[in-house]
Amino acid sequence: DVTEIEEKEAQAKEEEQIIKEQELSNLLHEKRYLKALGLAISLDRPHTVLNVVKAILKESDGRKQLEENVVRLRKDQKEAVLSFLVTWNTNSRNCHEAQAILEILLKHEAPEKLLQYSGIKAAVESLLPYT
């Protein structure tokens, strides 16, 4: 009978999730945006990533901070943000944040590098009608 083992594993995952959510909340409160972005991306939470981006943009030099943070993300994190922003761009409430990140990616990544991103073709096709 492996039921007890599975329950313990599920409980451990849930506890880990709660700890990460608390850590994310602390990072946002401390304005450590790069780590907050990375953690939200690793948790695969597009809405949380959007909230981090909005928090960054609320700062006095928000655009500059957003640029600094997005540029420092790893390639896989940038790919995840790209896939998130495709969805954000379809909603008028979130399109400005999506466009800000898209601008940063286009400005700082060479076209050859962007073409290597997984899902770039579908992302561009989805972004075109709304951009």
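Trainee: Let's start with helix 2. What covers its buried residues?

Mentor: Happy to. Keep in mind that this is a predicted model. The cover over the buried residues of helix 2 includes helix 1 (3-29), helix 3 (46-58), helix 4 (62-71) and helix 5 (75-89).

Trainee: Which ones are they?

Mentor: The buried residues in helix 2 are Tyr33, Ala36, Leu37, Gly38, Leu39, Ala40 and Ile41.

Trainee: Which residue just after helix 2 takes a positive phi?

Mentor: That is Asp44, with a phi of about 55°.

Trainee: Changing topic: what does UniProt annotate for residues 21-131?

Mentor: An unreviewed UniProt entry gives "domain: U3 small nucleolar RNA-associated protein 13 C-terminal" for residues 21-131. In the model, that span is 76% helix and 0% strand, and its end C-alpha atoms lie 32 Å apart.

Trainee: Now pockets. What volume does the largest pocket have?

Mentor: About 180 Å³.

Trainee: Which residues line the largest pocket?

Mentor: The lining consists of Leu82, Leu102, Leu105, Leu106, Leu114, Leu115, Ile120, Val124, Leu127, Leu128 and Thr131. Helix 6 (95-108), helix 7 (111-115) and helix 8 (120-127) are the elements that each give two or more residues to this lining.

Trainee: How do the lining residues divide into nonpolar, polar and charged?

Mentor: In the lining of the largest pocket, 10 residues are nonpolar and 1 is polar, with no charged residues.

Conventions: Residues are numbered from 1 along each chain as its sequence is written. This is a predicted model: local features need pLDDT of at least 70, side-chain atom pairs count only at pLDDT 80 or more; totals for chains, interfaces and linings use all residues. Side-chain values use heavy atoms; hydrogens and water are left out. Buried means under 20% relative accessible area, exposed over 50%, partly exposed in between (1.4 Å probe, protein chains only). Helices (H or I, at least four residues) and strands (E, at least two) are DSSP runs, numbered from the N terminus. Contact means heavy atoms within 4.5 Å. UniProt positions are given in the numbering used here, feature names are shortened, and annotations may be inferred rather than shown by experiment. On a 1 Å grid over the protein atoms alone, a cavity is a set of points where a 1.4 Å probe fits but cannot get out, and a pocket is an open set with protein on both sides within 12 Å along at least five of seven lines; lining residues have an atom within 4 Å of a point. Grid points are joined across faces, edges and corners, and a volume is the space filled by probe spheres set on the points. Ala, Val, Leu, Ile, Met, Phe, Trp, Tyr, Cys and Pro count as nonpolar, Asp, Glu, Lys and Arg as charged, and the others, Gly among them, as polar.
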